[in-house]
Protein chains: 2
Amino acid sequence: MNKPLILTVEDDVPVRNLITTTLKTHGYRILLAANGEAAILEASSHNPDIILLDLGLPDMDGVEVIKKIRTWSNVPIIVISARSEDADKIEALDSGADDYLTKPFSVEELLARLRVTQRRLALMGTEAGQQTSVFTNGALKIDYAAGCVYLGGEELHLTPIEYKLLCLLSQNVGKVLTHTFITRNIWGSSWDNDIASLRVFMASLRKKLEKGPGKYQYIQTHIGIGYRMLRVGNDD
Amino acid sequence: MNKPLILTVEDDVPVRNLITTTLKTHGYRILLAANGEAAILEASSHNPDIILLDLGLPDMDGVEVIKKIRTWSNVPIIVISARSEDADKIEALDSGADDYLTKPFSVEELLARLRVTQRRLALMGTEAGQQTSVFTNGALKIDYAAGCVYLGGEELHLTPIEYKLLCLLSQNVGKVLTHTFITRNIWGSSWDNDIASLRVFMASLRKKLEKGPGKYQYIQTHIGIGYRMLRVGNDD
DNA sequence: TAGGCATCTTAATGCTGCCTTAATTTCTTT
DNA sequence: AAAGAAATTAAGGCAGCATTAAGATGCCTA
């Protein structure tokens, strides 16, 4: 996950400043809202990762804000409130809040609770999203997550540079990639002119990937320009 | 979801009775454990939907129970504790707890927090954290709950780091794990560049796990990248 | 408190395999 | 047919790896 975006809903300026500076120094991005209406607007327009909501807002009941947001979003909502009675907590939690902190709260605890929420988001992401991140092209299969390459069921053993090269080509199927584009992506932007090495790696990659010398179905060479991976049929 | 199964870990009898009767009248099914060891055993054998954990256990630190369970499961853990200091909360939450209630707590609040957890479980789809606590791969068997490793019936004695290393690899079977990924997971993100140590531990782990030098069927090395555990056949 | 055991760390050695360069062959274009 | 571009092959150097051993640290026991 990138830097998580947190919507902070708080009208009390000192508390708000404390929260925002703390969160910023811990690598979060911040959105601000000082009342319920603004909170709903921000939440709907910017899709924050987590919402930090003070229940004591000037314009409307915080619980109403929760209910409103819950009509379209399951974003985690952590409530901060001055009221510590059970009835308040229960109402907020049952209305859709995920956690409830009572003022005065410790900044460290808030950070810990945020980490818990993030951890859970990460879990949901990997399981719900089921990011297979597998590339298939004819008999060729690349599992980016596992770092493995298969050709017709058999696993190919590629050296690091060969693997990078193949990834680069596969992620731009159909596009012609220039020599310098490839070398810069593999080596960094310093070398530039070492097309000779590139040719050697291309040869060894093709040796493992293609059927015979001269019969290239996956990687095509464009003279004077560079290379390109082709989409191939489903044959094996 | 059917009636949720809740593992209650509490050694204080009156509190335990209060909780169990309350939960039962609210439609939950209950598992009980009065100490850490029993808790781990129950958690690993019955796959509860939620765990209610009192940190003050007679036999071991509650945080250790959390860490142990987290080695194989993502089941929601709600902590109940008499200690209300920030440091305790943070330690528990960062160790893998999902929520933290301080005694004396209101039964109503506990029920509300349980409802929040259930709501979230329903969101995540069924059985989010359900993993077996025993990993098998060929002749290799790892019992995460017990912390034991077997190779063809024989128990292996692994040092803590060797064990962590093996767990990390086994939980990502088939994936290539980079050096830095491994070192960060084992030592934390501070060291980073100590690949030398990693190699030594890998050697000693292989010495215990693999047949002979050079004949590696479980752990494969990817030069310039890292290591990976392979799925092996059932033969031995 | 001191000694011993187990584990961790660091350093050193030999070795495998990857990268690079260069030279030769094949292909393409004019 | 000749020249340039690309493919291929081979060989030397070197980075990364496995393995061993010795020193450092911490923990348990007597």
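Residues are numbered from 1 along each chain as its sequence is written, and chains are lettered from A, and ligands numbered from 1, in the order in which they are written. In this predicted model local features need pLDDT of at least 70, side-chain atom pairs count only at pLDDT 80 or more, and totals for chains, interfaces and linings use all residues, while side-chain values use heavy atoms, with hydrogens and water left out.

DNA strand C is surrounded by 20 residues (near: a heavy atom within 4 Å). Among the closest are Trp187(A) and Thr159(B). For His157(A), the corresponding side-chain distance to a phosphate oxygen is 3.4 Å. Ile161(A) uses a backbone N or O atom instead, 3.5 Å from a phosphate oxygen.

Chain A and chain B also touch each other. Each contributes 30 residues to the contact (heavy atoms within 4.5 Å). The buried area is about 2700 Å² (accessible area, 1.4 Å probe, lost on being put together and summed over both parts). Carbon and sulfur atoms give 50% of that area. Nine salt bridges cross the interface (a side-chain nitrogen of Lys or Arg within 4 Å of a carboxyl oxygen of Asp or Glu). One of them joins Glu109(A) to Lys89(B), with the closest N and O atoms 3.2 Å apart.

How values were computed: Polar contact = N/O pair within 3.5 Å; in protein donor to acceptor, adjacent residues only side chain to side chain. Buried area = accessible area lost by both parts, 1.4 Å probe.
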